[in-house]
Amino acid sequence: MSEFLYLYRLPADSPNMPDSARNMQERLQKWTAWFKELEARGHLRTMGHPLESGGTVVGEGGRTVHDGPYAESKDIVLGYSVVQARDLAEARAAAGGCPILGYGGMVEVRPIRQM
Amino acid sequence: MTASLPDEDFFRRESGRLVSTLTRMLGVHHLALAEDAVQETLAAAVEVWAFRGVPENPSAWLTTAARNRAVSLLRRERTARRFAPEIVRLADAEGAPTESPVAHLPPALRDDELRMMFSCCHPDIPEDAQVALVLSLLSGFSAHELAEAFLVSRAAMEKRLSRAKKMLSGTRGLFELGARDFETRLVAVHRALYLLFNEGYHGASPDAAVRLDLCREALAALMALDAARLPARVDEAGDLTELSRQDRSRWDGRLIARGLELLESSARGEVVSEYHLEAAIAATHALAPSAEKTSWGEIVELYDALLRLRPSPVVALNRAVAIAEQLGPERGLEALRSIPGTERLSAYPFYPAALGELELRCGRPADARRHFRAAHRLARNPAERTFLERRIAECERQLSSGSSPDATRPSSSKLSPRRTR
């Protein structure tokens, strides 16, 4: 078993805010169901955390590089989780059901280096 | 943290509650800011709760978060000094009694949400905009969803809403409603409540509404009678079931009895409102032991009366379906095709679906399939799509076998076109 990091990304300019009570209700239900399924299949190591959209990037000497929370990307990182899977293909497949894909987002799947 | 999800109306209810409460705290001129704060708070709650689970007391969590969000939005406006009084009021609001500024109001208006509802029904705001406003502010519907419910374009709905909100936030009278306003706006509020119910939701504050005697008997009767049928509307698989096929033993007998009682007491008055008629139609359905034994003639007459009071292509559609039951599918089709203003139904899946049902019953499965496919393209949710797929499959089955056995007769109607105009 290998470990992978899921980064939940949304393009900064995407209209990602749920705009109605029904959308919010559905979104929460889908995320909850998805995490449950990851857990049921033995993939979920840690659910991780949601991230605020603010933050800063610090460089050498404590100098502020950016006011935005990201070094390069124009994406907002909504949160992260750690999962386990046999290989990248399996981790990739498990990410395919993530609700963020339904509203313009992406899941970045990164193998965690084991040494 | 609890693992369980809030019930299915949670966000709708909370959205109305929070907008009303923040608007009272901030003043109606900050309506837009209150709305922003609430939307951002609820959206953030979805993200946080997805990862951490729903807190023990989600309403309290949201109240605190929305208030904090409003404070930071006010600060961000950079004119902090000008808004200082509001910030102080918000910061002090925790645990503070909220009755003081409203003590002079009639008891019914002391509830934030009801007060918001009556404010939305300001006489300067056009009636269709009042209802849209209530649904937007108190029930968390998006402009897009409202456009669908009211059969108008999204752009038209956005314009209607923004005009009405501008008007509302300019009235400054949100909390200066008097007993006279209460009386004059009650009709508009009734209508709004009725539409809230008709959309399939409970409205913003059903308990308070009943408790405060807002719902007159006819409206309550309508709610009870329609609600009695709810348990049977969806089958075990979650698919929609037409009225004719519903298991009538699953209708709620207690609610039906209550509805009839209310209808009877409401009929003592002199005025016959559209709610009386809607309730009478619901009562006729509720009293029929089966679809075949329903007094369809009576239902057609009630729809005729309703059309005179409130001409609408959706009411006409319901009437045509009842005619098909009473006089046969060909007559029903004639009635459907002669509805004035059918272009207003062009985005409404129940119109082609009704054409499809009646064509099928006339033994023309190919025509029926064409209409069902058109309806399928307009369907707005998985339940509708599944239902229509089953009907298309039935047409295809009849086309391949060359027969049309009446075992498949889905009789009618309800595919219940919603009675939202």
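Chain B has 19 helices and zero strands, where helices (H or I, at least four residues) and strands (E, at least two) are DSSP runs numbered from the N terminus. This is a predicted model, in which local features need pLDDT of at least 70 and side-chain atom pairs count only at pLDDT 80 or more, while totals for chains, interfaces and linings use all residues. Residues are numbered from 1 along each chain as its sequence is written, and chains are lettered from A and ligands numbered from 1 in the order in which they are written.

Let us stay with chain B for a moment. Of its 421 residues, 45% are buried; a residue counts as buried if 20 or more other C-beta atoms, placed from the backbone, lie within 10 Å of its own. In soluble globular proteins, nonpolar side chains tend to be buried together. The largest nonpolar core here has 61 residues. Such a core is a set of buried Ala, Val, Leu, Ile, Met, Phe, Trp, Tyr and Cys residues joined through C-beta atoms within 7 Å. B:Leu22, B:Ala34, B:Ala132 and B:Leu133 touch the most other members. Helix 2 of chain B, residues 31-52, is the biggest contributor to this core, with ten residues. At least three residues come from each of domain 1 (10-96) and domain 2 (106-215) of chain B, with bounds taken from an automatic or database domain assignment.

Leaving aside residues up to four places away in sequence, B:Leu22 touches B:Ala34, B:Ala37, B:Val38, B:Ala66 and B:Ala70; contact means that the C-beta atoms of two residues, placed from the backbone, lie within 7 Å. Apart from this core lies another, of 42 residues, including B:Leu277, B:Trp296, B:Ala368 and B:Leu388.

Now turn to chain A, which has two helices and six strands. From the N terminus on, its elements follow the order β-α-β-β-β-β-α-β. Of the 115 residues in chain A, 24% count as buried.

Four of the strands of chain A form an open antiparallel sheet in the order 2-5-1-6; strands pair if DSSP finds at least two bridges between them. Strand 2 and strand 6 (106-111) of chain A are the edge strands, each pairing on one side only. On average, neighbouring strands of this sheet are turned by 20° against each other, direction ignored. Strand 1 of chain A (residues 2-11) pairs with strand 5 of chain A over ten antiparallel bridges. A:Ser2 stands opposite A:Ala85 in strand 5 of chain A, and A:Tyr6 has A:Ser81 of strand 5 as its bridge partner. Six bridges join strand 1 of chain A to strand 6 of chain A, again antiparallel, with A:Arg9 opposite A:Met106 in strand 6.

How many residues of each chain are in contact with the other chain? Chain A brings 19 residues and chain B brings 20. On the chain A side, helix 1 (21-40), strand 2 (44-50) and strand 5 (75-85) each supply at least two residues. Helix 1 of chain A gives the largest share, nine residues. By class, the side of chain A that touches chain B has nine nonpolar, seven polar and three charged residues; Ala, Val, Leu, Ile, Met, Phe, Trp, Tyr, Cys and Pro count as nonpolar, Asp, Glu, Lys and Arg as charged, and the others, Gly among them, as polar.

Conventions. A residue is buried if 20 or more other C-beta atoms lie within 10 Å of its own, exposed if 12 or fewer, and partly exposed in between; C-beta atoms are placed from the backbone. Axes are lines fitted to C-alpha atoms, for helices over the stretch in contact, and angles run from 0 to 180 degrees between N-to-C directions.
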